[in-house]
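This briefing is meant for a reader meeting the structure for the first time. Please look at the sequence and the model together before reading the points that follow.

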Amino acid sequence: MSDGSSFYITTPIFYVNDVPHIGHAYTEVAADVLARWHRQAGDDAWLLTGTDEHGQKILRTATANGVTPKEWADRLVETAWKPLLQIVDIKNDDFIRTTDERHEVNAQKFLQHLYDAGHIYTGEYEGFYCVGCEEYKQPSDLIDGTGEFAGQQVCAIHSIPVELLHEKNYFFRMSTFADQLLALYEENPDFVQPAAARNEVISFVKQGLSDLSISRSSFDWGIKVPWDDSHVVYVWFDALLNYITAAGYGHDDEKFSRLWPATHIVGKDILRFHAVIWPAMLLAAGIEVPRRVFGHGWLLVGGEKMSKSKLTGIAPSQITDTFGSDAFRYYFMRAISFGQDGSFSWEDLSARYQSELANGFGNLASRVIAMVVRYCDGEIPTPTVFTEDDELIRATEKRATDAAGDAISRLAIHEAIAAIWELVDELNGYITSQEPWALAKDPADRARLEAVLFTAVRGLGTLAVLLSPVVPQATAKLWQALGGTGELTDQRIDRAWQWTGGTHVSPLEALFPRIEATVG
RNA sequence: GGGGCGGUAGCUCAGCUGGUUAGAGCAGCGGACUCAUAAUCCGUCGGUCCCGGGUUCAAGUCCCGGCCGCCCUACCA
């Protein structure tokens, strides 16, 4: 997995009008962990995230706030979305906004290309329009009217009848790609993951695809259709293109050929856009389809899907203010099988923080470094004779490194962390059974003491390298305390067992201090 | 209506193509130890594997029928 090959990974772009919650942060962290891992494996990793800023809703809220839509988006990007990345420590390589010129210009190129190739035609969109909402409603958004509107379909929000309107639209001939898509899913079983998501996508496409309305003329906040500036591009069509416009499509061929195709990490709610519409668009344009589309699960709070409307939405800062960004990252990556829904609770978060991060990993670092300081004046021993017990730790270091790497290649982040944690647990057991504090009492045991402490220190070094993508701040502190040379993030993760630390340790404050106050 | 997923110890979850006494972590309980963030280590308690049938020498694991929860069925992470 470490051949310097390209690993281009994306998150969905944030719809700027949303309020950031831990679901957004979860997606970001997952993609960031994968990107950091691949960077440390020597791959040409590139993490893209960004914002989706067009559409009628944004135009409306901007107007309501007395600013232009661009000003409104600027404000939200700076006050909500970029800070979110800081809060959970995302190391993205790029941040694209759909209002960037590089996006708008090249999205238009893409569209013109499809138009010239005959994949777009003029049609008529028919839909139910609510004058209260000033937008088209899906049939599922309508309810049966009551009172004077009994017998009619009314808007669920305004309880007034909707009007059946017709609008000239441009349509993408998506229907013609159903067979190609099915062949794609068949020939490349990993294209859509996990398997449950793949099954849903396949059964959906087997029902047949309709053409997709891709333009709107009832408002103008969007990318102009190049051959008809009375229309703007439908927001989803616009948004999906960010993955290629950011990668250089249409303006930087060298970059584009280096990065593309991407691995897309998305929430399962928007899987269809990425696994059906998006590849269809690319097939039409003659561009390679994505490498992989991975649909992760929902965060469940109290057994229910977290939702802003139900007030179960939790801001990431609520967690990081108390536990820190590392704990946020660790918790969601470890406690949830990536791809499945996962339940969040403050109790579980607190319990895992305490038992796994503070008592498990953090305390291991404290006890090892404290002993090297105390028994060896901080100098890391360089023993030459090792026992079978020491070799077992060595073997675990290698096994954890390989198993974690394998898990990451399958996007099984939780499995990777579980594999690494075997080393944490074994090291704690090893230290207890070797009793270095007892060895330190007798000068005759000096060589043995040094072998034990070196083994433990090297184990910590392996952990620092392996866990760096997940808990970058704590491991950076640990790396410094181990006297590691260079940046921790430059240490090869696929060779994490190789000791690349220093000659002296320095005292280490608690990596994950106990948190006394109950939260929630 | 159709389709998918899930229902396993108090909690969160593993259990691949059916095969010895159903596992892990956490919590609980008992003990050991002191290097460490009252931490670590060892031991231990704990399950009608949703219910009812069936196939089989053998089923948590396959089939049928129920019950419960969640999701998808064209534009919300």
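How much of chain A is made up of buried residues? Of the 520 residues in chain A, 55% are buried. The model is a predicted one, and the predictor assigns the complex an ipTM of 0.89 together with a pTM of 0.93.

**Confidence and overall build of chain A**

- The pLDDT of chain A averages 89, and 91% of the residues reach a score of at least 70.
- Chain A contains 18 helices and 19 strands, and its C-alpha trace spans about 95 × 50 × 40 Å when taken along the principal axes.
- When contacts in chain A between residues at least 6 apart in sequence are considered, 75% of them join residues that are at least 24 apart.

**The surface near RNA strand B**

- RNA strand B is surrounded by 49 residues, and the closest of these are Tyr234, Asp269, Ile270, Trp298 and Asn363.
- Of the atoms of RNA strand B that come within 4 Å of the protein, 64% belong to sugar and phosphate.
- By residue type, the surface near RNA strand B divides into 20 nonpolar, 19 polar and 10 charged residues.
- Helices that each supply at least two residues of this surface include α1 (22–40), α6 (195–206), α10 (271–285) and α15 (413–434), while α13 (346–376) is also in that group and provides the largest share, with 12 residues.

**Polar side-chain atoms beside the RNA**

- In Thr27, a polar side-chain atom lies 2.8 Å from a sugar or linking oxygen of RNA strand B.
- For Trp236, the distance from a polar side-chain atom to a sugar or linking oxygen of RNA strand B is 2.7 Å, and for Thr432 the corresponding distance is 2.6 Å.

- Ser213 belongs to strand β11, which covers residues 212–213, and Ser213 counts as buried because its relative accessibility is 7%, where the cut-off for buried is under 20%.
- The side chain of Ser213 makes a polar contact of 2.7 Å with the side chain of Asn169, and another polar contact, of 2.9 Å, joins the side chain of Ser213 to that of Arg216.
- Leaving aside residues up to four places away in sequence, Ser213 touches Tyr125, Asn169, Tyr170, Phe171 and Tyr234, and Tyr234 is also listed among the residues closest to RNA strand B.

Notes. Residues are numbered from 1 along each chain as its sequence is written. Chains are lettered from A and ligands numbered from 1 in the order in which they are written. This is a predicted model: local features need pLDDT of at least 70, side-chain atom pairs count only at pLDDT 80 or more; totals for chains, interfaces and linings use all residues. Side-chain values use heavy atoms; hydrogens and water are left out. Helices (H or I, at least four residues) and strands (E, at least two) are DSSP runs, numbered from the N terminus. Buried means under 20% relative accessible area, exposed over 50%, partly exposed in between (1.4 Å probe, protein chains only). A polar contact is a pair of N or O atoms within 3.5 Å; within protein, one must be able to donate a hydrogen and the other to accept it, and residues adjacent in sequence count only if both atoms are side-chain atoms. Contact means heavy atoms within 4.5 Å. pLDDT is the predictor's confidence in each residue, from 0 to 100. A residue is near a molecule or strand if one of its heavy atoms lies within 4 Å of it. Ala, Val, Leu, Ile, Met, Phe, Trp, Tyr, Cys and Pro count as nonpolar, Asp, Glu, Lys and Arg as charged, and the others, Gly among them, as polar.
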